[in-house]
Amino acid sequence: MSLTYEDVIAKYEPVLGLEVHCELNTNSKMFCGCSTIFGAEPNTQTCPVCLALPGALPVVNEKAIESTIKIGLALNCSIAPFSRFARKNYFYPDMPKNFQISQYDEPICVNGYVDVEIETEEGPKKFRVEIERVHMEEDTGKSLHVGGATGRIHGAEYSLLDYNRAGIPLVEIVTKIVPGTGKYAPEVAKAYVAELRDILRSLGVSDVKMEQGSLRCDANVSLRLIGAEKLGTRSETKNVNSLRSVERAVRGEMIRHAELLNKGERVVQETRHFQEESGLTRSGRSKEQAEDYRYFPEPDLVPVEPDAAWIEELRAQLPERPSVHRKRLQEEWSVPDKEMAAMINADLLDTVEATVILGSDPTKARSWWLGEISRIANEQNVSVKELAITPTDVAEIVALVAKGELTDKLARQVVEGVIAGEGKPAAVISARGIKVVNDDSALMAAIEKACAEQPETAEKVRNGHLPAAGALIGAIMKETKGQADAARVRELLLGHLGQA
Amino acid sequence: MIRKSAAEMANALAQGAITSVALTQLHFNRIASVDKDVHAFLHLDTDGALAQAAAVDAKRAKGEKLSPLAGVPLALKDVLAQKGIPTTCGSKILEGWRPPYDSTVVSNLKKNDIVILGKTNMDEFAMGSSTENSAYGPTHNPWDLARIPGGSGGGSAASLAAFEAPLAIGTDTGGSIRQPAAVTGTVGVKPTYGGVSRYGLVAFSSSLDQAGPCARTVLDAALLHEAIAGHDPKDATSINAPVPQVVAAAKSADVKGMKIGVVKELNGDGYQPGVRARFEESLELLAKAGAEIVEVSCPNFEYALAAYYLIAPSEASSNLARFDAMRYGLRVGDIDGASAEEVMKLTREVGFGREVKCRIILGTYALSSGYYDAYYGSAQKVRTLITQDFTNAFAKADVLVSPTCPTTAFKIGEKSDDPLAMYLNDIATIPVNMAGIGGMSLPSGIADEDGLPVGFQIMSPVMKDERMYSVGAALEAALLGTWGAPILSKAPALGGVA
Amino acid sequence: MSSLSRDEVANLARLARIEMSEEELVNLASEFTVILEAVARVQEVAGADVAPTSHPLPLRNVFRPDVTTPSLTPEEALSGAPASEDQRFRVPQILGEEA
């Protein structure tokens, strides 16, 4: 007898809080010179510093500071004139020092906001998500649990640790509590993470790949009775690793909380883990006693005091905000809302834009990427970006069509060829012998042949029944193996039958 | 030869009077004969040292330009990482660990072709003032084997006093270079914080730790100071500025017109009569050499000890968290079904000594929520007040002076049951670490009542380390004039084997 | 305030991951009472008007360029490991979940 979502929102108001961890794409780690490349052999990217060998000392990566300041600026934060690293002390085997270098009460960026827009039945609706802080910290190593049935931590006999990821720079972006989203809480949460992802990507500071863990979201959810002032007890769902999961996790937690509250039970303040398969969360093992992180200023590092000139230099490097950028493109390309949304949802806006920058007509570029190419990707069950075709290829094909050197049909063959790995468009065209038949005499021969074979149809056309021309054109195209320009065929045919 | 100063040994090497291999071997011979009594060393790297010495000799034979101390042997405190050489910090928890990297101090020693004989004993993780807290047994004072050699760097200081090495490296968090120097009749210098890289120095208290030179003369200390000092990009707290000209200062030994401030609070009650007598005599000698003696007051120094015993354990509780049996070092209790958490707890119980555990718990307490402000936070404020006291005092004097410690060497076991009495040893040395300034201890004579050496402390402002060398060298010269022979020639304990 | 109970010491030992016998807990608790009394003196002069010093030098903005430097070889990295397997550090089963 579980509650429906409608039951929940009829009675309760959800309050969100979102913490996003983003791995920066610096070349080297946060505090040492080890490489950050994803997927290396275990423990090949470690050194005395990130293994916490006795005596090793951290030194801050300047690029990581710059990236964090840029993130802060892009999120409308103030950049603190004085900030510091602190040690967060707790024991865990994937954290070599048994403390994490993080920022505590003196983060580098504070008090920002992100505006997000979601689609509702009443049209697009805007929400402002306020940012509490943006701070720097370091990632942990990875453990592989051996001996358990599922490779999970529970039931494992022992664990194997790889510290390649330990010390990769992480930026944590924490929102203030987000009230007032009402029934749209799940959508707002998703839209916020999506917007954040777009901003981070446009800044070029992170790979923002949720599936690889370079962007991770913790979603805090609490409920209070509509009209109530006091906040309810929140749960914190960890490491939600896709946009869809953000939405599902928030929705799922709202329902779970409401069920507890309706039964008169209490929501436990705890960490929960999102389970992709069921869309539900499960309780983390609750600790028998509270942790006490014993934060104190990291004595091995000195404070960060970015001066105004540095901040302005970084501000000048900021790209156009993605939402503004999108608005501008939509206007320039005169794309209807729905088509724009389709491009964004398919994650192809940047691809289409790149194609347009290379000279393609925006409508053509969009229709190739969202039409034929997406269809092939779908068929092959891969993402468009995994296909072997690039914006340069598409721009070239569009140009050839415009010049009349390819027909739409031939262009499709070229696209197929490029995707099949036959090479660049020029190579596909020459290898497949694709060529538009431009020779009017050759076309005329085909026209005469078709008219001779279908005299009755030809007669109908001659008598002014133009739709009948289709059958003749089909035959002519077949005769010329599709390499003729259909428009030119029609023109010549109608002329031949006295209808020009 | 082994009783000469490092500078004299360097001269002999330069003139071809002896090879580095022979000089190194002489020291290993000396170690073989006396170290069973002194126990200054935890590990000897005989092969490595002799190979290094041979390499220096080869360079010299080829006529290569060598650094001033090239070929001179040195003893390294076992708290500094040396690639491939056991580094235990005097603790069971690191037994058998061989670092895969060199500390910057060791890199600098190697760059200067200084021959590293081995690793010296110390209080576990540098926590102590007597070297009794070493998991590998105490070191004995060459002046009287029943007495402590100071700590934590008792091994380094004893190796000098026993003529097992002419140079040594120590580290000083609250006096661990200067107090052992004082009680063994040797010279020890804690440079300005940030003057010598901490990279590869196994941290006790990061904001206080500083490596520095230990020697038998002020000039030797200066030569070693210049060899190990300098900016290191691997240590974010390293000062990016030229190394103070300490060798030139030690050679000039000029104190004419210098103002020497006597810290009122670091003398008087609680200081042994012989310590006070030698201190007064030294002041007279400095005045005779042309210095002006003034009195300064540092009223907040009385809180320094309390603040130190909050700050150092707090940082240590975090620094020592990495010794958890997961990646290196001891692992205890890893039997079927044991969890990582249990193994960590058992290993840390067995691997750490009592004093270390006590300080970790104290530091954990001082940082814990609800107590942070009252303890760690307040201690940091005291640190500000101490620094202000120094700033005010240095406005009136070029250097400040005091006895290095209240007493001469005490007997092994005498204070091990009384932590507070033990901590009082460091009362005069701790303020220097709190403010990050430079401090030196050099011998000022022998206390009449027990015949044991007494230390004289000189403190200089941040990155003005050359001042303490000028004053130290001047005092050393004046004292030598009154003694007629170096103070260590009066050490009785090893007389028979010396 | 300047004293510690046996239970408080036990909690601190848990936070510090040190196993302690009952006897050790009791002994430390009584020893701490003496030490805490001595160190609590810092509160006498630590007024609200005094800024804390967490570092002896006024250094600021010390950074390294974002340049990779050679890592240890996996053999070196694992050279001190009490146990290893498949080029990874082998550790006993981990009970608690990450904080």
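How many helices and strands are there in chain A? Chain A contains 16 helices and 15 strands; helices (H or I, at least four residues) and strands (E, at least two) are DSSP runs, numbered from the N terminus. Before I continue, please note that this is a predicted model, in which local features need pLDDT of at least 70, side-chain atom pairs count only at pLDDT 80 or more, and totals for chains, interfaces and linings use all residues. Residues are numbered from 1 along each chain as its sequence is written, while chains are lettered from A and ligands numbered from 1 in the order in which they are written.

For the 500 residues of chain A, a compact globule would have a radius of gyration near 23 Å, but chain A has 30 Å. This radius is taken over C-alpha atoms, and the globule rule is 2.2 Å times the number of residues to the power 0.38. The C-alpha atoms of chain A fill a box of roughly 95 × 55 × 55 Å along the principal axes. In chain A, 44% of the 500 residues count as buried; a residue is buried if 20 or more other C-beta atoms lie within 10 Å of its own, exposed if 12 or fewer, and partly exposed in between, with C-beta atoms placed from the backbone.

Chain B has 16 helices and eleven strands. The box for the C-alpha atoms of chain B is roughly 70 × 55 × 45 Å, taken along the principal axes, and 68% of the 498 residues of chain B count as buried.

I turn to the contact between chains A and C. It takes 46 residues from chain A and 35 residues from chain C, two residues being in contact if their C-beta atoms, placed from the backbone, lie within 7 Å. On the side of chain A that touches chain C, the elements giving two or more residues are β2 (60-61), α2 (62-74), β8 (142-146) and β9 (158-162) of chain A. The largest share of that side, five residues, comes from β9(A).

Two bridges join β2(A) to β1(C), residues 63-64, and the two run parallel; strands pair if DSSP finds at least two bridges between them. Val60(A) has Phe63(C) as its bridge partner in β1(C). Within chain C, two bridges join β2(C) to β3(C), residues 88-92, in antiparallel fashion, and Glu85(C) stands opposite Arg88(C) in β3(C).

Finally, consider helix α8(A), residues 349-357. Its buried residues are Leu349(A), Thr351(A), Val352(A), Thr355(A) and Val356(A). They cover an arc of only 165° around the axis, which puts them on the same side of α8(A); the arc is that of the directions from the helix axis to the C-beta atoms. Among the elements that cover these buried residues are α6 (322-333) and α9 (362-380) of chain A. Just after α8(A), Gly359(A) takes a positive phi of about 110°.
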